[in-house]
Amino acid sequence: MSASVRFSPARIAVIAELTVLEAVRQRLFGALLVLAAGMIAGAQLLREFNFGSSELKFITDFGFGAVTLFGTILAVVTAAQLFFAEIENRTALTLLAKPVFRAEFVLGKFAGVAVVLALFVVVTTGALVTVLWMREGALMEVAPEAFERGRLVHYGSVVAFGALQWLKFAAIAALTLVVASFANTNLYSVVISFLIVLICHLQYLAQESWQKLGSGLARGAALLLASVFPNFQMFSVGDRIAAGQPIDPAVLGGSAAYGGLYLAVFLALAIHLFRRREI
Amino acid sequence: MSPATDAAVAVDGLTKDYLLSVRGLRVRAVDGLSLVVQPGQVFGLLGPNGSGKSTTIKVVLGLAEPTLGSTSIFGVSSREARSRVDVGYLPENPNFHRFLSGRELVTFYARVCGVDRARLRDRVDEVIEWVGLKDAASRRLSTYSKGMLQRIGLAQAVVHDPRLLILDEPTAGVDPVGSAEIGELILRLKAQGKTIVLSSHLLAQVEGLCDRIAILNRGRLVLEGGVDELVTEKGRDALIVEGLDPSLAGDLRAWLIARGADLVAVEKPRTTLDRIFRDHVAPSVAPSAGDKEAR
């Protein structure tokens, strides 16, 4: 009789490692990384067009925008590509013919994508912190009266913003895996995932409006949207930080728990759907 | 224990339908198939395209669910991951992670299969040498030829030293030289006592490698038996004679008739185009030092 096979974090790590290697050797990851870091660094050059906002606020806003936009694109495209390519190229055939659980495959792919997203967030947030620190230092020399109480930027909050965005990107990647686990093409996975991400960003509208709507289809649809989809506005803490206010630890903790819960739900759903899939 | 529970592979009443449309239209890929592959056998799975060979293999490996019936490997249901512990699989037209080098690919699968970390590097080097890709081990798979991809595929299949190998069209699309090289590797695995399930269109190669074959057509088993038993013409013998004067053929025939036999034909023994091609293009794979270690 064959030896028993247990669920193995080591196998998940091996699959994750391969996923990271594939992402790093793909040009998309490097291109997005360079583009995002370049945009953050370039924010210094664009400060002439800040329409009256302070320079530091402009750089912070611009940096947060670059991290959020490119991170969202990276989360959807990388998750869909790295997962679906295994099915489309039939490399999953060889891998799943080994003593590998479907759950290990999904979790391994997710863990790999999560590491890639973490690399992205570390580099881009690091670039943003560096640019802000240097610019603030320069301004402190030019106009020291504005900095009598020390530096204005809450760097800890900027880093916390990065961490929270990573959690959001990870939830987006898990959501994309849900779609990819039953999709027939990579394009379908990417398009549907982006649409769902858009709905999640607008979910707060449904949450606010469903009670105001009369009975009927519109109210039902709004209630469904508000109940099923997560509210990605929970992760939108950038405005407060850009305005020079520190992030409230309670808000940070609440958003992290919210993101973690949806992440777990999406992963469980992706595993369930992928178990039923014929390779 | 019954023959089925002793079997390396047991397929019992397997039927597999694929849903073609949301209206419930289905196509039957495998229809009531039952097979038993005994340990140590080299079993050929033959049939035209669409006969259900690859589907049967997928169900056996747990990659697809049976509609009816069951399959098992060494007595363990294919539905359980542990059924695949002692199995190496080379899929049809293997498409590996092309961004990896040959060594990286084999190392990846060795780690997935739980090859001991202490001997991982040595084991990977052994099997790469065994398939004759030592010099190309550091090259990306995207630069490999079709035959090299099949050989590195064989390396990943044997890296954890499984008892059962399932090879789906291992020589598909490979030139005669590459095909013969892969054939020789399979013969070495056979000599090591591995159980091999081989799906192939190359009937001459199957005849030379397999102990037993099953022929499928439209998902059904149409013939099964030992290769020797199926291809040997019973009651007939062939003599290969050197230096016989053609005028003496008549005398020989008369001599045979007098003893109750008959000379049915006198013809020149023929070689094969495959052999001529290989002899003129490249020598076949030489036995390598890794042969013994790869066991």
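**View 1. Three phenylalanines form a cluster in chain A of this predicted model.** Ring pairs join Phe83(A), Phe105(A) and Phe274(A) into one cluster. Let us start with two of its members: both Phe83(A) and Phe105(A) are buried. The ring centres of Phe83(A) and Phe105(A) are 5.7 Å apart and the planes meet at 55 degrees, so this pair counts as tilted. Here the pair bridges distant parts of the chain, with Phe83(A) in helix α3 and Phe105(A) in helix α5 (residues 102-142), 22 residues apart.

**View 2. An arginine sits over a ring of the cluster.** Look for Arg102(A), which lies over the face of Phe274(A), 5.3 Å from the ring centre.

**View 3. Two rings stack within one helix.** The whole structure holds ten aromatic pairs over all chains. In one of them, Phe58(A) and Phe62(A) have ring centres 5.6 Å apart and planes at 25 degrees, so they are stacked. Both residues belong to helix α3 (residues 55-88) of chain A and are four residues apart, about one turn of the helix. Phe58(A) is buried at 16% relative accessibility, whereas Phe62(A) is partly exposed at 23%.

**View 4. In chain B, an arginine also meets a ring face.** Arg163(B) lies over the face of Phe74(B), at 3.8 Å from the ring centre.

**View 5. Two cysteines of chain B are buried.** Cys113(B) has a relative accessible area of 18%, and Cys210(B) has 6% relative accessibility. How many disulfides does a search of the whole structure find? Over all chains, the number is zero.

Methods. Residues numbered from 1 in each chain as written. Chains lettered and ligands numbered in written order. Predicted model: local features only at pLDDT ≥ 70, side-chain atom pairs only at ≥ 80, totals over all residues. Heavy atoms only, no water. Disulfide = S-S within 2.5 Å. Buried < 20%, exposed > 50% of the residue type's maximum accessible area, 1.4 Å probe, protein only. Phe/Tyr/Trp six-rings, centres within 6.5 Å; stacked < 30°, edge-to-face > 60°. Lys NZ or Arg CZ within 6 Å of the ring centre and 35° of its normal.
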